[in-house]
Amino acid sequence: VIGYWVSEAQEAGCQETYQFNEDGSGQFTSGEEQLEIKYVVEAQPDETGFFKLTHQVVKTNGKPDCTKNVTQSNSSQVSYLLFQPDGYAYVACENNDASLANCFGPMQLKARAKPD
């Protein structure tokens, strides 16, 4: 998951980016929102192929994301990531349901480090 990921599904001109650093820190952007996070991702997928990702918001700019929601500092979230076989894209889901009914993405890997 380490790298700089960009959503290719840009509904209403809204883009999301995710930067996962090796030290467990990261930055998310969604619309006007900018978050600094700490994260943990399971080293092995579960029986359905999903990797469990838990992240906690360390800092937020308090602006709305692509869905017009505002994320609070110190909030936590669990997502389930399902990678394409080549490892260069994933969908993020609310649960590990193989139907992918509660997922968004795909997120595409753009770089192993955040571009300047």
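Trainee: Which residues do ring pairs link into a cluster?
Mentor: Trp 5, Phe 51, Phe 83 and Tyr 90 are linked into a cluster by ring pairs. This is a predicted model, where local features need pLDDT of at least 70, side-chain atom pairs count only at pLDDT 80 or more, and totals for chains, interfaces and linings use all residues. Residues are numbered from 1 along each chain as its sequence is written, and side-chain values use heavy atoms, with hydrogens and water left out.
Trainee: What counts as a pair?
Mentor: Rings of Phe, Tyr and Trp (its six-membered ring) pair if their centres lie within 6.5 Å; planes under 30 degrees apart are stacked, over 60 edge-to-face, and the rest tilted.
Trainee: How many aromatic pairs by this rule?
Mentor: The count is eight.
Trainee: Why is the pair of Trp 5 and Tyr 90 edge-to-face?
Mentor: Because the planes of Trp 5 and Tyr 90 are at 70°, with the ring centres 4.8 Å apart.
Trainee: And which parts does the pair tie together?
Mentor: Trp 5 is in strand E1 (residues 3-7) and Tyr 90 in strand E7 (residues 89-93), so the parts tied together are 85 residues apart in sequence. Strands (E, at least two residues) are DSSP runs, numbered from the N terminus.
Trainee: Is Trp 5 buried or exposed?
Mentor: Trp 5 is buried at 1% relative accessibility, and Tyr 90 is buried at 3%. Buried means under 20% relative accessible area (1.4 Å probe, protein chains only) and exposed over 50%, with partly exposed in between.

Notes
Helices (H or I, at least four residues) and strands (E, at least two) are DSSP runs, numbered from the N terminus.
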